[in-house]
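Dear colleague,

I am handing over a structure for your studies, together with an account of what was found in it. Please open it first and keep it beside you while you read.

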Amino acid sequence: MSSIAVNEANTRAATSEADRKKIADAYDQVMSQIEQESQQAQQEQQQSAKSEAVTVTGGRWKGDTTGTGYGEGVVTVRNDGDKPLSIITVTVAKLDAGGKVTGETYPQMQSALQPGQSADIEFMIGPDEQNVTHAQATAISYASDKNGTGFTQYNVYNAPKIAVK
């Protein structure tokens, strides 16, 4: 191999290495930006969770209180905000023994819930839903004024499971 060919090969290798370094640096910048945006999104989500006005604080199963075969339960919520809230709706998942969601119900509280106040929101499970063993709140929505406007909705995580039947 001639010295010219060797020099050309070395030049191409050096150019190729420089290009590889530029690509690696660009990749590192993009990955750093993605990581920063991910951290910012997590912080915003945590801040949002802290500012959620309604918290699920518990629940219980009351059973068939009417003799009709329909079971009743309650989800207890608390207004952790600084203003009255209305039209509070809790999405309650109906779970089978394996934890699979078999349906949902959407009980609603019509009266205003004052700041710091707790209330029980009742839900029902029908006699034809024998496979339901637990119920669990999975989402909340509410209006921030009594006219039913200014709705807020968010998912609920780690709400207690309520054993039914």
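Glu72 and Lys62 form a salt bridge, with their closest N and O atoms 3.8 Å apart. The term stands for a side-chain nitrogen of Lys or Arg within 4 Å of a carboxyl oxygen of Asp or Glu. This pair links distant parts of the chain, since Glu72 belongs to strand β2 (residues 71–79) and Lys62 to strand β1, ten residues apart. Strands here are DSSP runs (E, at least two residues), as helices are (H or I, at least four residues), and they are numbered from the N terminus.

Please note that the model is predicted: local features need pLDDT of at least 70 and side-chain atom pairs count only at pLDDT 80 or more, while totals for chains, interfaces and linings use all residues. Residues are numbered from 1 along each chain as its sequence is written, and side-chain values use heavy atoms, with hydrogens and water left out.

Is Glu72 buried or exposed? Glu72 counts as buried because its relative accessibility is 12%, where buried means under 20% relative accessible area, exposed over 50% and partly exposed in between (1.4 Å probe, protein chains only). Lys62, at 34% relative accessibility, counts as partly exposed.

Lys62 also forms a salt bridge with Glu122, and here the closest N and O atoms are 2.8 Å apart. This second pair again links distant parts of the chain: Lys62 lies in strand β1 and Glu122 in strand β6, 60 residues apart. Glu122 is partly exposed, with a relative accessible area of 46%. Through shared partners, the salt bridges join Lys62, Glu72 and Glu122 into one network.

How many salt bridges does the structure hold? There are five salt bridges in it. One of them joins Asp120 to Arg60, whose closest N and O atoms are 3.1 Å apart. Asp120 is in strand β6 and Arg60 in strand β1, so that distant parts of the chain, 60 residues apart, are linked. Asp120 counts as partly exposed at 37% relative accessibility, and Arg60 is partly exposed as well, with a relative accessible area of 41%.

I turn next to the aromatic rings. A pair of aromatic rings is described by the distance of the centres and the angle of the planes. Rings of Phe, Tyr and Trp (its six-membered ring) pair if their centres lie within 6.5 Å; planes under 30 degrees apart count as stacked, over 60 as edge-to-face and the rest as tilted. By this rule there are two aromatic pairs. The ring centres of Trp61 and Phe123 are 6.2 Å apart and the planes stand at 45°, so this pair is tilted. Trp61 lies in strand β1 (residues 54–63) and Phe123 in strand β6 (residues 118–125), 62 residues apart. Trp61 is partly exposed, at a relative accessible area of 22%, whereas Phe123 is buried at 2%.

The rings of Tyr142 and Tyr154 have centres 6.3 Å apart and planes at 75°, and the pair is therefore edge-to-face. Tyr142 is in strand β7 (residues 134–143) and Tyr154 in strand β8 (residues 151–155), twelve residues apart. Tyr142 is buried at 7% relative accessibility, and Tyr154 is buried with a relative accessible area of 11%.

Lastly, strand β3 (residues 86–95) and strand β4 (residues 101–105) pair in the antiparallel sense over four bridges; pairing requires that DSSP finds at least two bridges between two strands. Val92 stands opposite Thr105 in β4.

Yours sincerely,
A colleague
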